[in-house]
Amino acid sequence: MNFKALLLASAMTAAAVPGIALAQDLTVGFSQIGSESGWRAAETTVSKSEAAKRKINLKIADAQQKQENQIKAIRSFVAQNVDAIFLAPVVSTGWEAVLKEAKEAKIPVVLLDRDIDPSGKDLYLTAVTSDSVHEGKVAGEWLVKTVGTKPCNVVELQGTVGASVATNRKKGFEAGIAGAPNVKIVRSQTGDFTRAKGKEVMESFIKAEGGGASICAVYAHNDDMMVGAIQAMKEAGLKPGKDILTASIDAVPDIFKAMAAGEANATVELTPNMAGPAFDAIIAYKTKGTVPPKWIQTESKLYTAADNPQAVYDSKKGLGY
Ligand code: AHR
């Protein structure tokens with residue numbers, strides 16, 4: 001149902017709820033982190049198409065990875081008196097002051113794909129995110145199952161320092177391997193969720209680990225860093241996906257291309273459609289006064305080479321990627 005149809009359907013309830021949107025389309029301001037990964041770029045594209053489907057006026061501010069730019073964007077959305085603000089928080093701390101300003105202006109805030117610290121729970125309406133601890137756990141459990149009792153030294157490429165998803169994916173992976181003393185993280189460093197840094201950090205891991213001979217697996221907090229790491233392994237004469245196992249998160253088309261070529265092993269899917277459920281929550285809130293649950297959880301699905309990666313690649317290409 002589009003926004004106008006929803007408005008009609010809810011007109012009677014709407015009359016009883018003060019301060020709700022009626023005749024005009026909603027305007028939503030989205031403070032987006034940037035375009036550090038293929039997943040992030042897809043999330044932006046999908047947000048635009050989900051807004052268009054519902055005839056929502058979406059204003060996107062690209063923060064170029066900087067929290068200060070996100071804070072400025074939120075202040076500008078408050079000054080413009082938008083109907084709602086979507087925020088993909090680059091890091092989890094430092095949001096209290098600006099989110100209080102949005103709250104005082106009675107503008108609901110929806111978090112997309114990352115969390116803020118629990119102390120800020122009262123400052124947003126709902127969060128549309130995956131369970132990022134679970135994502136890491138799924139990757140860790142897959143690795144344990146795959147290596148069995150064989151000793152396995154893992155190198156880890158972490159996401160942006162201070163991002164909820166980086167903290168949680170690390171924690172989840174550690175929980176996933178906790179019962180297997182043969183599987184150990186021997187090196188761990190941030191690759192900032194980018195392909196270029198993933199490659200650079202993997203090159204340094206390979207150098208530090210005797211040309212890569214002692215590395216059994218790479219765990220990356222996103223596929224883009226893994227694609228960079230795969231490149232680094234190939235340039236060092238290693239065989240990713242065979243000599244060195246790979247597990248990462250996002251399920252972007254490029255990792256399926258690598259999987260189809262036998263160069264990647266596992267990924268945990270994160271949908272780029274965070275905005276769709278967020279728009280629906282805002283529409284219901286604005287038109288009927290329906291308060292959404294505090295957490296709208298998106299699915300996490302494990303894909304491996306057994307899942308016909310070429311077909312998954314073909315089906316994903318064009319879906320915002
Ligand atoms: O917050 C989601 C993460 O941010 C994605 O896994 C990653 O690719 C992105 O940059």
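**Close-up views of a pocket and a cavity**

**View 1. The lining of the second largest pocket, by residue class.** The structure shown is a predicted model, and in it the second largest pocket holds about 260 Å³ of space. Its lining is made up of 17 residues, and those that lie nearest the centre of the pocket are Asp115, Ile116, Lys121, Thr129 and Asn168.

**View 2. Elements and domains around the second largest pocket.** At least two residues of the lining of the second largest pocket come from each of β5 (126–129), α6 (132–147) and α7 (164–177). Seen at the level of domains, the lining of this pocket takes at least three residues from domain 1 (3–129 + 272–290) and at least three from domain 2 (132–270 + 304–319).

**View 3. The largest cavity.** When the whole structure is searched for cavities of 30 Å³ or more, one is found, and the largest cavity contains about 100 Å³ of space. The residues that line the largest cavity are Glu36, Ser37, Trp39, Arg40, Asp113, Arg114, Val165, Arg169, Phe193, Asn222, Asp250 and Leu270. By class, this lining consists of six charged, four nonpolar and two polar residues. Helices α3 (38–53) and α7 each contribute at least two residues to the lining of the largest cavity, while domain 1 (3–129 + 272–290) and domain 2 (132–270 + 304–319) each contribute at least three.

**View 4. The surroundings of the ligand.** Around the ligand are Glu36, Ser37, Trp39 and Arg40, together with Asp113, Arg114, Val165, Arg169, Phe193, Asn222, Asp250 and Leu270.

View 5. In arginine 114, a polar side-chain atom lies 2.8 Å from an oxygen atom of the ligand, and in arginine 40 a polar side-chain atom lies 3.0 Å from an oxygen atom of the ligand. For asparagine 222, an N or O atom of the side chain is 2.9 Å from an oxygen atom of the ligand. Taken on its own, the ligand has 280 Å² of accessible area, and the protein covers 100% of this area.

How values were computed
Residues numbered from 1 in each chain as written. Predicted model: local features only at pLDDT ≥ 70, side-chain atom pairs only at ≥ 80, totals over all residues. Heavy atoms only, no water. 1 Å grid on protein atoms, 1.4 Å probe; cavity = no way out; pocket = protein on both sides within 12 Å on 5 of 7 lines; lining within 4 Å. Points joined across faces, edges and corners; volume = space filled by probe spheres on them. Helix = DSSP H or I, 4+ residues; strand = E, 2+ residues; numbered from the N terminus. Domains from an automatic or database assignment. Near = heavy atom within 4 Å. Polar contact = N/O pair within 3.5 Å; in protein donor to acceptor, adjacent residues only side chain to side chain. Areas by Shrake-Rupley, 256 points an atom, 1.4 Å probe, with all protein chains shown as cover. Nonpolar A, V, L, I, M, F, W, Y, C, P; charged D, E, K, R; others polar.
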